[in-house]
Amino acid sequence: MSERSGPSRRRFLAAAGAATTTGLAGCSGILGTGSESGGGTPGIGDFRGSGAIVEDRPAPGGTSIEDLPDLEGELAIYLGGGEGGRYTTLIDLLDRYYDGFEVSQQTQPSSQLANIIVDEYDSGTTQADLFWSVDAGSLAYVSDKGATVGLSSDATSMVADDRFATDQWVGVAGRSRAVPYNTNQFDASDIPTSIDALATRDRFQGSLGWAPTYGAFHGFVTAMRQLRGEDGTREWLNAMLDQNPARYDSEYATVKQGITNGEVGAGPTNHYYPMLVFAQRPDVPLDLAFTENDAGALVNTAGASVLDGASDPELADLFVRHLLSAEAQEFLATRGFAFPMIDGVEPVGPLPTIEELSPPDLDLQSLSDVQPTIELLKDVGILS
Amino acid sequence: MAASERLARLRSAVVGGDDEPGLSLAVLAGAVAAFVSLPLVALLVRASNYGFGHLAGLLSETGSLDVLLNSLSLVVLVTLGCVLVGVPLAVLTVQTDLPGRRVWTVVAALPLVVPSYIGAFTFVSAFGPRGDLADALAVVGIERIPTIYGLQGTALVLVLFTYPYVFLTTRAALLSFDGTLVEAARTLNHSRWAAFKRVTVPQILPGVAAGGLLAALYALSDFGTPSIMRYEVFTQQIYVAQRSLGVPEGYPALLSMQLLVVVTVVLALESRIGAGDTSYVSRGSRQPGRIELGVWKWPALAFCGGVAVLSLGVPLGVLAWWFQRAGSAVFEFDPTVAWNSLKVSVAAAGAATVLALPVAGYAARSSSRFSEVTDRLTYVGYAVPGVVIALALLYLSTEFAQSLYKTVPLLVFAYVVRFLPQAVGSVRSSVLQVDPKLTEAARTLGRSSTGAFREVTLPLIAPGVAAGAALVFLTTMKELPATLMLSPLGFETLVSYIWLVRGAGSYGAAAVPALVLVGVSALSMVVILAQERYNG
């Protein structure tokens with residue numbers, strides 16, 4: 001994977017260099033109506049992010065919103081997670097796109113909403129039509145408990161990769177664990193395809209960074225626990241500790257302050273943290289690699305399902321199709337640097353497509369079992 | 001007990017009248033008490049449904065004993081800390097010649113206007129790893145400051161924003177006791193210190209204990225601060241338990257029951273220390289002479305200033321900094337959010353006041369056992385943390401009243417249960433202050449007891465009733481856990497909005513609503529202080 005991301009990144013940097021000369025004003029003037037302040041229908045320019053990193057993207061393929069039936073009526077959404085308000089922005093755009101369409105929503109951590117949805121389903125008090133969650137585990141939990149109704153094939157068939165489309169829920173935006181690294185300190189060939197090598201190779205002694213208090217890290221360790229058990233995970237954590245990694249408060253800080261500034265050379269983070277740094281400063285000595293078939297290559301996805309008891313399940317299903325539209329997928333790919341779920345929209349910049357990743361075989365639902373992970377991290381002495 | 005004497009006098013004043021209003025009042029008061037203790041009953045029922053064996057098993061399995069230990073450590077530390085900060089401040093501002101005493105009195109009480117969860121996340125922002133202040137300190141070479149997370153940070157923040165309870169009650173006790181007593185001790189050859197120890201301390205102890213109780217209950221019930229500071233206590237665990245998939249059934253209920261036991265123990269402890277002695281509210285006419293500080297003036301000023309910087313300077317400074325840094329994002333704030341806060345707060349204040357009138361009126365008129373029970377029952381919400389009330393109401397509504405589940409009325413009900421004691425306390429104390437002779441006079445002039453109440457008592461207690469309503473309104477505005485757990489889908493308030501953007505790390509967007517909440521809390525302070533004056 002790392003072999004591949006090197007050259008593509010150079011292409012990306014060249015494009016970024018060209019783009020900066022034409023200004024960073026974004027592309028709303030060219031591609032869309034740019035109706036931020038006006039009342040017009042949002043165009044692709046409103047959906048797409050701005051900045052050098054997305055400047056020269058082709059128009060997205062796939063099904064355009066224009067080709068989908070109109071959203072009409074009121075939709076209640078339980079929004080699990082929400083990526084710092086980004087999903088709300090997308091909801092607002094769709095809300096603005098149609099006159100007769102109103103959305104109400106409630107945002108809470110996704111696993112909490114999953115519990116609430118199941119409780120509500122059990123007691124016949126379902127509140128929402130749609131569950132839109134940042135992680136597949138919560139979606140799977142809810143559908144396993146029977147609290148969803150099936151999606152139409154119109155919706156499920158839009159998703160390119162079968163792994164992210166069940167008849168109860170579909171993925172809308174993928175993410176992966178990754179190993180960002182400082183290109184002044186490491187070559188692409190230095191970064192191993194196994195997460196174990198990070199913990200064992202002398203090469204990484206004193207030059208790793210991580211954010212062990214961070215939720216995304218806990219998810220990663222939870223995945224490792226499921227894949228190789230408690231003892232194997234403990235062994236990996238202890239080996240990592242022997243490498244004397246620098247601690248950061250968040251994975252974004254690990255990348256931005258640690259790896260980009262050269263305080264450390266590499267570290268395990270979610271794939272979009274290095275992308276966020278790229279987006280702000282395309283000239284940094286930063287690249288990212290992916291391990292294979294272990295917890296370090298865990299792929300998860302945000303997704304959506306229609307809830308049993310929804311007052312308008314057809315509308316909710318149609319909304320899911322809108323999330324998989326060319327415009328919405330372009331939004332998620334360019335603003336959140338997610339792996340798109342449909343053919344016709346490519347991931348941004350140096351990212352491979354999600355089909356090119358080699359994630360481990362893991363039931364994503366088991367990722368919600370975080371408490372033993374916390375205990376383990378405390379036991380090993382990583383958390384206090 | 002001064003209060004019960006007054007109660008008895010009031011009662012004798014209406015003795016010989018018809019008993020009908022008393023009876024209907026008793027029924028009303030009883031109904032209100034039953035109504036607001038409903039959530040607690042529901043919780044007990046739910047816990048008992050799980051069975052003792054199951055809960056006992058959970059106790060050992062789930063590490064809830066650690067949670068108990070954590071909670072106890074926090075309560076002890078916070079209470080001690082509040083006494084150590086609040087009592088010296090009270091003594092300094094009341095009994096010494098500290099320069100600028102009036103200003104320091106206001107400044108020392110002001111931290112109450114910062115909701116502790118807002119204090120907590122401004123502290124995390126300033127002192128957390130890679131926080132603004134940590135960065136500034138790194139520039140001057142200070143690389144490591146002790147972590148703000150965990151017990152130390154939680155206790156620090158809670159002390160800084162709850163010590164005013166101890167400060168205010170101690171101050172009230174100091175102001176009210178008879179200064180001639182100290183002078184008498186002095187004439188009996190006691191040094192100032194000995195006089196302070198032998199006369200002042202016993203006099204103000206009930207006041208300190210009352211403030212300490214408030215601080216302890218606050219520390220036990222606070223949900224926001226330990227959540228932000230990542231310290232595992234009951235409230236935080238009850239909330240988190242809802243959030244992990246596959247939590248053992250009954251675990252939140254078990255934690256709630258343990259929390260209630262701890263609350264009960266704290267209440268019992270306080271009633272022993274306070275020994276039911278409310279002498280700190282009785283007032284002497286003379287103040288003792290001021291203690292001259294001399295050179296001690298400087299450390300005293302440094303102490304007052306240091307507390308002010310930490311408890312006011314840091315949160316307000318950080319909020320101002322966010323506000324300034326957020327730029328245009330500040331104005332993306334949706335006003336319907338504030339409107340929603342306003343609506344539920346007005347509803348809660350109205351409902352709590354209406355419900356408080358019969359309870360407080362009955363408690364003031366009758367010294368029967370039943371009136372005491374109804375009065376005490378309405379105090380349930382005062383001791384039961386918001387998380388527990390919300391949990392109980394979720395259970396109650398999904399099991400028995402599905403149409404109420406996650407509706408505004410249910411949310412308002414939670415607020416009423418939680419804050420009714422404020423309204424009852426406020427109304428009752430103003431009823432007690434009405435000179436019974438006035439009612440007697442009205443009765444001799446041929447008014448019925450209801451008529452006398454309407455024409456004499458009600459106009460006299462109106463300011464107290466209004467103050468109680470205002471307090472409920474303002475505390476509802478900033479209530480956190482029940483708001484998070486019970487708000488209907490799509491119903492966002494200032495508090496839930498702040499919690500949401502904080503979770504997403506976009507502090508700038510929280511600046512305006514957080515400042516609004518601080519303003520709201522400041523207003524509630526004004527009401528409390530005005531009422532203190534009114535009661536005096």
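In this predicted model, helix α5 (residues 110–123) and helix α6 (residues 136–144) of chain A approach each other, their axes coming within 9 Å and crossing at roughly 10°. Angles under 35 degrees count as roughly parallel, and α5(A) is therefore roughly parallel to α6(A). On the α5(A) side the contact is formed by A:S110, A:S111, A:L113, A:A114, A:I117 and A:V118, which meet A:S138, A:Y141 and A:V142 of α6(A). The residues of this contact comprise 6 nonpolar and 3 polar ones, with no charged residue.

Chain A as a whole contains 14 helices and 10 strands. Of its 384 residues, 54% are buried.

Two loop residues of chain A were examined individually. A:T166 is located in the loop that runs between α7 (153–156) and β5 (169–182) of chain A. A residue is classed as buried if 20 or more other C-beta atoms lie within 10 Å of its own; A:T166 has 20 such neighbours and so counts as buried. A:T166 and A:G150 are 16 residues apart along the chain, and their C-alpha atoms are separated by 8.8 Å. The second residue, A:N293, belongs to the loop between β9 (286–289) and β10 (299–307) of chain A. A:N293 is not a glycine, yet its phi is positive, at about 55°. With 14 other C-beta atoms within 10 Å, A:N293 is partly exposed.

The secondary structure of chain B consists of 24 helices and 0 strands. Chain B has 536 residues, of which 49% count as buried. Residues 24 or more positions apart supply 84% of the contacts in chain B with a separation of 6 or more.

Within chain B, helix α10 spans residues 192–221 and has a kink of about 45° at B:V201. The kink lies shortly before the proline B:P202. Helix α10(B) is mostly covered, since 21 of its 30 residues are buried. The loop between α9 (179–187) and α10 of chain B holds B:N189. Although B:N189 is not a glycine, it has a positive phi of about 75°. A residue with 12 or fewer C-beta neighbours inside 10 Å is classed as exposed, and B:N189, with 8, therefore falls in that class.

Nonpolar cores were also identified. In soluble globular proteins, nonpolar side chains tend to be buried together. The largest nonpolar core in the model has 158 residues, and B:A352, B:A414 and B:V416 are those with the most contacts inside it. Leaving aside residues up to four places away in sequence, B:A352 touches B:V416, B:F419, B:L420, B:A423 and B:V472. Another core, of 111 residues, lies apart from the largest one and includes A:I44, A:L71, A:A211 and A:L332.

Key: Residues numbered from 1 in each chain as written. Chains lettered and ligands numbered in written order. Predicted model: local features only at pLDDT ≥ 70, side-chain atom pairs only at ≥ 80, totals over all residues. Bend = angle between axes of the 7 residues up to and from the residue. Helix = DSSP H or I, 4+ residues; strand = E, 2+ residues; numbered from the N terminus. Contact = placed C-beta atoms within 7 Å. Axes fitted to C-alpha atoms, helices over the stretch in contact; angles between N-to-C directions. Parallel < 35°, antiparallel > 145°, perpendicular 65-115°, else oblique. Nonpolar A, V, L, I, M, F, W, Y, C, P; charged D, E, K, R; others polar. Core = buried A, V, L, I, M, F, W, Y, C linked by C-beta atoms within 7 Å.
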